[in-house]
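Subject: The structure I promised you

Hi,

Here is the structure for you to look through. Open it up, turn it around for a bit, and then read my notes below.

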Amino acid sequence: MMLILYFIWIEIRLFMQMKSKYFHRFWSYVEVGIIVCSWTSVGIFIWRYKESQRIGNVFKETNGYAYINLQLASYINDVLTFLFGFCCFFGTIKFVKFCRYNQ
């Protein structure tokens, strides 16, 4: 999360320097995409943790004899996986930019 805050700080400084020209660059959208996907992933990760705790408590209270619907837990896990995929996509695009400029 500290790394995400660092990226936010860099992007805020860049936005202050460039003003409205910031939104005319493709790489600005890649950076914003990384930041948004990262913070959303943190939130979904916490939601998944809370849901797993709830399922564990229901299982513990009923000694495993209650019906536990795992559909929501599966959905939360799928959303988190998609967000990780988007973070990897944006990170790969940023890596390609890095490799292109450092030749």
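Ile12 counts as partly exposed, because its relative accessibility is 41% (buried means under 20% relative accessible area, exposed over 50%, partly exposed in between, using a 1.4 Å probe and protein chains only). You'll find Ile12 in helix 1 (helices are DSSP runs of H or I with at least four residues, strands are E runs of at least two, and both are numbered from the N terminus). Together with Phe15, Met16, Phe23 and Tyr29, Ile12 makes a nonpolar surface patch of about 500 Å². Helix 1, residues 2–18, gives the largest share of that patch, three residues. For a patch, residues need over 30% relative accessible area and no salt bridge; nonpolar side chains (Val, Leu, Ile, Met, Phe, Trp, Tyr) are joined within 5 Å, and like charges within 9 Å. The areas come from the Shrake-Rupley method with a 1.4 Å probe, and for residues only the protein chains shown count as cover.

Before you go on: this is a predicted model, so local features need pLDDT of at least 70 and side-chain atom pairs count only at pLDDT 80 or more, while totals for chains, interfaces and linings use all residues. Residues are numbered from 1 along each chain as its sequence is written, and side-chain values use heavy atoms, with hydrogens and water left out.

Now the overall picture. The chain has three helices and zero strands, running α-α-α from the N terminus on. Its radius of gyration is 19 Å, well over the 13 Å that the globule rule gives for 103 residues, so the chain is more spread out than a compact globule. (That radius is taken over C-alpha atoms, and the rule is 2.2 Å times the number of residues to the power 0.38.) Along its principal axes, the C-alpha trace spans about 60 × 25 × 20 Å. Of the 103 residues, 19% count as buried.

What about the inside? The largest nonpolar core has nine residues: Trp27, Val30, Ile34, Cys37, Ile44, Ile76, Leu80, Leu83 and Phe90. Helix 2 (26–61) and helix 3 (71–101) are the elements that give two or more residues to this core, and helix 2 provides the largest share, five residues. A nonpolar core here is a set of buried Ala, Val, Leu, Ile, Met, Phe, Trp, Tyr and Cys residues joined through side-chain atoms within 4.5 Å. Have a look at Ile44: leaving out residues up to four places away in sequence, Ile44 touches Ile76, Val79, Leu80 and Leu83 (contact means heavy atoms within 4.5 Å).

Last, the charged pairs. How many salt bridges does the structure hold? There are two, a salt bridge being a side-chain nitrogen of Lys or Arg within 4 Å of a carboxyl oxygen of Asp or Glu. In one, Glu31 pairs with Lys94, with the closest N and O atoms 3.1 Å apart. This pair links distant parts of the chain, since Glu31 sits in helix 2 and Lys94 in helix 3, 63 residues apart. Glu31 counts as buried at 10% relative accessibility, whereas Lys94 is partly exposed at 25%. Beyond its neighbours within four places in sequence, Glu31 is in contact with Phe7, Glu11 and Lys94.

In the other, Glu51 meets Arg54 at 2.6 Å, N to O. Those two are three residues apart in helix 2, so about one helical turn separates them. Glu51 is buried at 7% relative accessible area, and Arg54 is partly exposed at 40%.

Cheers
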